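Please consult the sequence and structure shown here alongside the text.

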Amino acid sequence: MVTSKLLPLDQRAKQLAQVYAAHRPLVQRGLTVGFVLYVLTAAYRGLAARPTTRREKDKDVANRNDGKPVRVAVDAIFYQRLGIILRIVIPNIHSKEALLLFMHSSLLVFRTAISLYVATLDGKIVASLVRGQSLQFLLNIIRWLLVAIPATWTNSWLSYVQNKLALAYRTRLTKEVLKMYLGDEADGPEGKVYYKLSNLDDRIKNADQMITHDIQRFSTHLAVIYANLAKPILDVILYNYQLSQNVGAEGLVLLTVLVQTSAALLRALTPSFGTYTAQSAALAGSLRHTHSRLSEFAEEIAFFGGEETEKRLIEREYAALVQHEQGVMNKRWWYGCAEEGIVKWLWGSFGLVVCAIPVFFKLPGISNFDLGSRTEGFVTNRRLLLSSSDAIGRVMYSYKDLAELAGYTSRVSLLLDTMSDMRKGKFEKSLVNGGENGEILRSRGQVRLSADIQFENVPIVTPNGDILLRSLTFHVKPGEHLLIVGPNGSGKSSLFRILGGLWPVYGGIVRKPPASDFMLIPQRPYLSLGTLRDQVTYPHSQQDMEARGVTDADLLAVLERVQMGSIVEREGGWDVTHEWRDALSGGDKQKIAWARLFYHRPKYAILDEATSLVPPDMEGTMMEQATALGITLLTVSHRPSLWKYHSTILQLDGQGGYIFTQLDAEKRLAIQEEKQDLETKLLEIPKMKLRLAELRLIADANRSM
């Protein structure tokens, strides 16, 4: 007879339980360490860059080619962009932003420690109630009130430091953007980004919104996302560690399995909030741009009676924004239902089961002898569990916040990348004509510093690819005033933009002084916000003026040159501030612009119909004074009265041809007068023929009688 050496099932289970109980502390430590590693690994995987599928790549390429918004996600591109921006907002560990971040982290840890103490104190208060221990209850209430002091202090400081951090990020980023956007004179051809962004490139239509609104939203989200990521992860580890000490690591493992299973379902249901955020910002910017165009061209629209058309355009932009926001709201609604159902209610039920384990099951090393101890353990564990559940929920919510941060990051990154391209001379512009014109736009000429102005085989090309002149060659020396004439669209203003360094040179050689040696006086001069003094000295400030040794008396003498000396007394002094473009007439604006010219005394002045609103005698006086100050004039005007002040002429025909020659003003005026006389006589010929016919009819009638 063979006797089985196997023990009965109940004895084997009992033996295993004894072995497990003997080694339970070691198992507990192993499970706890494993849980901490799992939380850190899961958090890293959840926040790490997700690989882009081939289908998503193909869709992005198709959207980019069609001009549609490109998908924005928490991927490698996002982290690459964020890393570049972080190096701007936190330049080094000794910066103010790094100090604020350290303070924020310390406060987050301190608040978690307070929460752990409050959870334990909460259980003791309830236990003293159940046991009827009035003195112990009173002492616990006093402890509760005492801990409220650092707790409220910490919460207020957290909010304050977080807002300071957001403001510091915004300040640092705004300064960097404005440095690239406005630049200074030392930048040379790499500067003037604000002009190139709106005139030479099509990627950004609303830079003002990106610099103000998008940077502000990005900074706020970046400051919040740190607290929404670091604090919940720390809370999950500390709360669950304490919970494992109370209910055992076994319950913690079971809870983790259930939570992660349901969390995977929630992640699968999460929409692409990053793309929605970027699209919302773009649509809001487009609506704002449409409104700004209405203000900018209000006079033209009013004359044309285009109110209905502009209203349709604004309503179309607004309807697109509302339709997008409505779609996002719908997705947020059902996502919110799924999120709350899983995070709050399903996870809450899991937690209650875990809290009940020490009550219904006897765990080795954990003993609850009376009702008070059980109540204390349950309340403490439930408080810890609620805090842990809230932390896990915030980790889940943080992915949505991270996706929204990805949207604003893409907008800020687009602004930085585009401005960087502007400084490198890289432009993306829709071309009217491709082919050969596109080749010209991709080529570059040479710009050399010189006291003279000399163009050698330079093409005049607009940013959208229109070739106005294929090869322009002329030479102007200081003191040789140049008159430029030609029909609209022939390239007169384009020539000035090249001289001012606003447009790139697409071929040939341009020799010219630096852009600071030029000053432009357009037909409608620019008047800045500021005092009357600022209008004359612009772009100099009062400090710059005084540093040059110029006084208000000197400025008054300058105004006297243009017969505007009475404006100081009339307007109330040098320091009065108005909206000067509305306070002055068109002629006064042009006189102020000429006074500005006489104050700065540049080597060259570009005059674009700059005397069209002033009397002819005043026009000649200003021309003569500019010549006396050694200012070489480059003038666009169709008024023959200005010819005698110029020695050379550049005549553009509007068909790609030009003539550059010496200007004999007297001869040209004589020819002009003879031409006008002949044209007048030719206009009289039809009348003379008609009168001759009438006279012949009268004569024939008299002969027949």
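Strand β4 (residues 482–485) runs parallel to strand β10 (residues 632–636), and three bridges join the two. Strands here are DSSP E runs of at least two residues and helices are H or I runs of at least four, numbered from the N terminus; two strands pair if DSSP finds at least two bridges between them. The model is predicted: local features need pLDDT of at least 70 and side-chain atom pairs count only at pLDDT 80 or more, while totals for chains, interfaces and linings use all residues. Residues are numbered from 1 along each chain as its sequence is written, and side-chain values use heavy atoms, with hydrogens and water left out.

**Strand β4**
- T635 in β10 is the bridge partner of L483.
- β4 also pairs with strand β11 (residues 648–652) in the parallel sense, over four bridges.
- In β11, I484 has L650 as its bridge partner.
- L482 and I484 on one side of β4, and L483 and V485 on the other, are all buried (under 20% relative accessible area, 1.4 Å probe, protein chains only).

**Helices α4 and α5**
- Helix α4 (residues 96–131) packs against helix α5 (residues 134–182) at an angle of about 160°, with axes 8 Å apart; axes are lines fitted to C-alpha atoms over the stretch in contact, and angles run from 0 to 180 degrees between N-to-C directions.
- The two helices, α4 and α5, are therefore roughly antiparallel (angles over 145 degrees).

**Confidence**
- The protein chain has an average pLDDT (the predictor's confidence in each residue, from 0 to 100) of 79, and 77% of the residues score at least 70.
- Mean confidence in the protein chain is lowest in helix α2 (residues 54–66), at 51, and highest in strand β5 (residues 509–512), at 92.

Note on methods:
Buried means under 20% relative accessible area, exposed over 50%, partly exposed in between (1.4 Å probe, protein chains only). Angles under 35 degrees count as roughly parallel, over 145 as roughly antiparallel, 65 to 115 as roughly perpendicular and the rest as oblique.
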